[in-house]
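Work through the exercises below with the sequence and the 3D structure open. Each task is followed by a solution in steps.

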Amino acid sequence: MTKLEFKNHQVWHDLTEILENLDSNALVKEHLELCDYKVCGYWDEQDEYYEEIILPRTLAASLVSSSIGVTHTKRFLKLKFVLLASTSAANGKPSNNDVQNIGTLVLVYDENLEFVDENWVIDVDSPNVEAKRALTSSEADKS
């Protein structure tokens, strides 16, 4: 009987090489610019609805995990980022001393590296985030 092990298989070497050469920061920056640093139609973890979440322009992202997915007919790349905001606007780039985690962003790309999907988890209570809630009908009647 042949024992199959993936740990030394060429596929892991190839995947590692691809992920090391992928400019994930450029991908997340491009995505943030395309959405104008806004998330529209956001439901938080308490099922509160927000019409719009405005993220800081000084936002930095750090890749925390990447994975390759394979279904019967599709292959995809999933990249998970932690979103970091500077608490001081001195130079626009967060240092270790003045950064706040304001959420995560998962980007999914197909095998041609074309955007497929996104998933946001945002700390709507962060002072670095502008969260605009939808008016309820009773609030709208009062205004």
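A residue counts as exposed when its relative accessible area is over 50%, as buried when that value is under 20%, and as partly exposed in between. The model is predicted.

**Exercise 1. Describe the overall make-up of the chain.**

Step 1. Count the elements: the chain has three helices and seven strands.

Step 2. Starting at the N terminus, the elements run α-α-β-β-β-β-β-β-β-α.

Step 3. Turn to burial and surface. Of the 143 residues in the chain, 29% are buried. The accessible surface is about 10,100 Å², and carbon and sulfur atoms contribute 49% of that.

Step 4. Consider the contacts with a separation of 6 or more: 49% of them are between residues 24 or more positions apart.

**Exercise 2. Find the buried residues of helix 2 and say what covers them.**

Step 1. Helix 2 spans residues 24-34, and its buried residues are S24, L27, V28, H31 and L32.

Step 2. Look down the axis of helix 2: the buried residues fall within an arc of 130 degrees, so they line one face of the helix.

Step 3. Identify the cover. It includes strand 3 (60-70), strand 4 (75-86), strand 5 (99-110) and strand 6 (115-122).

**Exercise 3. Follow D36 from its backbone to its salt bridge partner.**

Step 1. D36 forms a salt bridge with R57, and the closest N and O atoms are 2.3 Å apart.

Step 2. This pair links distant parts of the chain: D36 is in the loop between helix 2 and strand 1 (38-43), while R57 is in the loop between strand 2 (49-54) and strand 3, 21 residues apart.

Step 3. Classify both partners. With a relative accessible area of 32%, D36 is partly exposed. R57 is at 52% relative accessibility and therefore counts as exposed.

**Exercise 4. Describe the surroundings of N128.**

Step 1. N128 sits in the loop between strand 6 and strand 7 (130-133).

Step 2. The side chains of N128 and Q100 are joined by a polar contact of 2.5 Å.

Step 3. Apart from neighbours within four places in sequence, N128 is in contact with I54, P56, A85, S86, T87, Q100 and I102.

**Exercise 5. Which residues form a nonpolar patch on the surface?**

Step 1. The patch consists of F6, V11 and W12, which together have about 290 Å² of accessible area.

Step 2. F6 belongs to the segment before helix 1 (10-21) and is partly exposed, with a relative accessible area of 47%.

Note on methods: Residues numbered from 1 in each chain as written. Predicted model: local features only at pLDDT ≥ 70, side-chain atom pairs only at ≥ 80, totals over all residues. Heavy atoms only, no water. Helix = DSSP H or I, 4+ residues; strand = E, 2+ residues; numbered from the N terminus. Buried < 20%, exposed > 50% of the residue type's maximum accessible area, 1.4 Å probe, protein only. Contact = heavy atoms within 4.5 Å. Areas by Shrake-Rupley, 256 points an atom, 1.4 Å probe, with all protein chains shown as cover. Arc of directions from axis to C-beta. Patch = residues over 30% accessible without salt bridge, like charges linked within 9 Å, V, L, I, M, F, W, Y side chains within 5 Å. Salt bridge = Lys/Arg side-chain N within 4 Å of Asp/Glu carboxyl O. Polar contact = N/O pair within 3.5 Å; in protein donor to acceptor, adjacent residues only side chain to side chain.
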